[in-house]
Amino acid sequence: MSIRQKILMCAPDFYDVEYVINPWMEGNIHRSSRLQAVEQWRGLEKIVREHADVDHAIPCQGLPDMVFTANAGLVLDREVVLSRFMHPERQGEEPHFKRWFEKAGFTVHELPKDLPFEGAGDALMDRARGLLWAGYGFRSELDSHPRVASALGVEILSLRLIDKRFYHLDTCFCPLERGFLLYYPAAFDAHSNLLIENRVDPEMRIVADETDAVNFACNAVNIGRTIILNKAGEELKKRLQAAGFTVVETPLTEFMKSGGAAKCLTLRLTEPAIHRHERARVRVESRILRMEGHLLDSGLLDRALELTVQNGGSFKILNFELGAQRQSTSKAEINVSAPSTEMLERIISQLIDLGAVPPPEDVSDAELMPVALPGVAPDDFYATTIYPTEVRLCGKWVQVAEQRMDGVIVVGEAAGEARCVLLRDLAVGGKVVVGIKGIRAVRKTESRDLRESSRGVEEFSFMGAGVSSERRVELVVDQIAWELRRIRERGGKVAVVAGPVVIHTGAGEHLARLIREGYVQALLGGNAIAVHDIEQSLLGTSLGVDLKRGVAVRGGHQHHLQVINIIRRYGSIAAAVEQKVLASGVFFECVKQGVPFSLAGSIRDDGPLPDTEMDLIRAQKDYARLIRGAEMVLMLSSMLHSIGVGNMTPAGVRLVCVDINPAVVTKLADRGSLESVGVVTDVGLFLSLLVQRLEKLQAGGSAA
Ligand SMILES: NC(=O)c1ccc[n+]([C@@H]2O[C@H](COP(=O)([O-])OP(=O)(O)OC[C@H]3O[C@@H](n4cnc5c(N)ncnc54)[C@H](O)[C@@H]3O)[C@@H](O)[C@H]2O)c1
C-alpha cells in the first residue's frame, strides 16, 4: 500500500504581482485580486488534501512569491537542496525556507551563493526511471546540476529551456506515475528533445499542445492516479484518462499572472529515495578558456558569453583582469560547460574563432586524421574562418596558410606547414586537423584607439554598427575615396565585385573611370554585368532600355543576345577590343588598362559570353586568385558574387558592401571583423558620389 504523501504549501496572505521577472508578470503588476487568489488557493488546497497531507510554510510580508513553494528547494527522502534564486526579488525567501526545512528535520544542502538553482521548479524526480530531470536556461544554471547530483547522489539529465514563457522546468514538463510524461516539446532545444525521446518510450509520452501549455496544463500535481491542474483541453484530458489518470481542474488564473499554477504552488515533501549512486551521474562537461584583448570595448567577451548560452552552454567567469588604461588589454578566464561533449566542442570551436585559448597547461598538439576518400574530410574536422589561425604541431604554433572561410586545415608532410584546403581538394592520405585541440585564432586587437585612428571618431560611431543609413552615406564615401587614393599611391590592390545593376543604374561610366584612373586592380562579376556593359557600349541600351532617355527601345529585348553573339564571333572581349569593335565601357577599360577580370557563370546566364567561366570550380579558383593580396574589396550590388567573395576573403581585408537591400548588406558586413562596412544605398548614387569625391581629392593633392 502506498504511503500518504505530504505536500508543502504557503498561503497567499501577501501574494501579489509586485515585480516583473518573467513574461507572465508583464502588464500584471498589482493586477491580481487577493480575494480571488485566496479563493483559488483554498480550492487547490482542498483538492490536494483529499489525496495528501498538507504542511504550511509561514508567508512573509514583502515576499509575494513565497506562495510558490515548489521553488523552496529540491527534496529527496529526508534531504533537501535549498534554492538559490536567480533574481534578487526572490532571494529573501531562502532563509525562511531554510529554517522551515531544518525545523522539519531535513538535512539541508546549500549551493554556492552565486549559483542559481530554483529547486523543484527546475528539477523533477522521475520515480519510474530513478533519475532527476533538471532544467536550465532561464533560472537555474547548468553548473548547478553536478552540485545537486553529488549532494543527492542521483543521476541528472539536463534539459535546456528555450521559451521564456516556460522559464521553469515544471511549467512545461511533468513526469507522472508509472513512467508517463506530460510535456510541451517546443519549450526545449533539439538536444533536450532527443534526450527525452531516448529515455521515454513514445507510448509513455503525452504531448501537450501550445494552448494546453499556456494554460499551465503541464504545471500539474500528480498524486497517485490523480492529476490536479488549472485547465486542460478535452483532447489532452482524454489522453491522460486513457493512461489511467483522473484529471481534476481547479482555476488558478490569479497565480498565472505571476507565471505559476498548481505545481508551482506545491512542493512534495515525501519524495521516496531513488537509487543513489556512489558518484554523481551527470552529463555536464566543462572546460576553462582564456581570452585576452580589448574584451569589453570590442564586445568580444559579450559575444563569447552570448555564443555559449545560445548554443546551450553555461559559463562562469573565474577571473577578470580589467585593463585600466585606454591602451591596456583585459584578460578573462571563463569556465564553459555544456550537457554533452559534442555541445561543448561546438561551443569551444566558436570561442576559438573569437580568439579564446585554453590555459597553457591544457594546450596540446592539434589532432590529425588522414583523408580516407578523395574530397571527403574525416568527421569532426575543424572548419576554418576568415581569421588568421594557428595550429600546434610538435609543440610549436604554426600559422595556417591561404586562410579563408569554410575550408579545412591540412598539415603538410613536413610538420611545420599547414594550409586551408577546400573539401573538394582533399587528397587521400592528407592529414586534416580535427576536434578543437591545438587550434587558435589570432584576433587583431580591436582597441578603441586603433579604430579611431583608422577611421576617425565620427565615422566609427556609425560604422561600428556595421551598416550605415542613407543619410550617412556621404561620410562613408569620403572615407572610401580617401582609402582608395592611399592604396593607389602605395601601389596596393583593390578588387571590385560588381553586378549588372551597376550598368542599369547608369553607373557603368563611373566604374569605367575608376578602372581607367588606376583605382581597380581586379574585377569580378558574372555574365550579366559584361553583357549589359557591352550592350550599353555597342547599342546604347542596357537590357533594351535607353539609359539616357529612360525608355525601352523597340526590339531592345534582343539587344543583349545580339551583343553576346557579336563577342562570340570575335572569340573574347579582349579580341573585340583589339578589333576596335568594343571601344568604351567597363570591360573595354579593363582590357585597355590590363586589369584582370573574371566572370563566373550561373544557371540563368544567356549565351554565355566566351569569357564567362561555366565550370564553377574553375571560376572559384579564378576569383580566389584575383582576390589574393587585395587590401580592399568593393562589392557593388551583386549578392551572389559578393557572398562568394566574402567567403574566400580572410580577415584583414577591408570589405565594402554596397546594396540597396539592408539584408544583403548585413549578411556581408556582419563578419564580426572591423574591416567590413555596409552601405545601404543605390549603387548608381554611390559610384557617382565616389567619383566626385576622388576628383575633389585629386584637386586637393595627395591623400597621405
Ligand atoms: N542575361 C544574363 O545572362 C543574366 C541576367 C541577369 C543575371 N545573370 C546572372 O545571374 C547571377 C546573379 O545576378 P545578379 O548579381 O544580378 O543578382 P543578385 O541577386 O545576386 O544581386 C543583385 C543585388 O543587387 C541589389 N540591387 C538591386 N538594385 C540595386 C540598386 N539600385 N542599388 C544597389 N543595389 C541594388 C539587390 O538587392 C541584390 O542584392 C549572376 O551570375 C549574373 O551574371 C545573368
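This is a predicted model: local features need pLDDT of at least 70, side-chain atom pairs count only at pLDDT 80 or more; totals for chains, interfaces and linings use all residues.
Let me start with helix 9 and helix 10. In that sense of the word, A304, L307 and T308 of helix 9 meet I347, Q350 and L351 of helix 10. Sorted by class, this contact contains four nonpolar residues and two polar ones, with no charged residue. Helix 9 covers residues 300–310 and helix 10 covers residues 341–353, and the two pack at an angle of about 165° with their axes 9 Å apart. Since angles over 145 degrees count as roughly antiparallel, that angle makes helix 9 roughly antiparallel to helix 10. The crossing of this pair, helix 9 with helix 10, is right-handed.

The second pair gives us another arrangement to look at. Helix 15, residues 508–516, and helix 19, residues 586–593, have axes that come within 8 Å and cross at roughly 5°, which makes helix 15 roughly parallel to helix 19. On the helix 15 side the contact is made by G508, L511, A512, I515 and R516, and on the helix 19 side by V586, E589, C590 and Q593. Those residues divide into five nonpolar, two polar and two charged.

Helix 16 contributes V531, H532, I534, E535, L538 and L539 to the contact, and helix 17 contributes H559, H560, Q562, V563, I564, I566 and I567. By class, the contact of helix 16 with helix 17 has eight nonpolar residues, four polar residues and one charged residue.

Now to the ligand, where I would ask you first: which residues are the closest to the ligand? The ligand is surrounded by 22 residues, and the closest of them are S638, L640, D659, D682 and V683. Several polar distances to backbone atoms can also be listed. A polar backbone atom of S637 is 3.3 Å from an oxygen atom of the ligand, whereas for I660 the polar backbone atom is 3.1 Å from a nitrogen atom of the ligand.

The peptide bond that runs from G607 to P608 is cis, with omega near -5°, and P608 sits in the loop between strand 33 (597–600) and strand 34 (612–613). The other detail is R178, which has a positive phi of about 60° although it is not a glycine; R178 lies in the loop that joins strand 9 (173–175) and strand 10 (181–183).

Methods:
Residues are numbered from 1 along each chain as its sequence is written. Side-chain values use heavy atoms; hydrogens and water are left out. Axes are lines fitted to C-alpha atoms, for helices over the stretch in contact, and angles run from 0 to 180 degrees between N-to-C directions. Helices (H or I, at least four residues) and strands (E, at least two) are DSSP runs, numbered from the N terminus. Angles under 35 degrees count as roughly parallel, over 145 as roughly antiparallel, 65 to 115 as roughly perpendicular and the rest as oblique. A crossing is left-handed if the near helix is turned anticlockwise from the far one by less than a right angle, and right-handed if clockwise. Contact means heavy atoms within 4.5 Å. Ala, Val, Leu, Ile, Met, Phe, Trp, Tyr, Cys and Pro count as nonpolar, Asp, Glu, Lys and Arg as charged, and the others, Gly among them, as polar. A residue is near a molecule or strand if one of its heavy atoms lies within 4 Å of it. A polar contact is a pair of N or O atoms within 3.5 Å; within protein, one must be able to donate a hydrogen and the other to accept it, and residues adjacent in sequence count only if both atoms are side-chain atoms.
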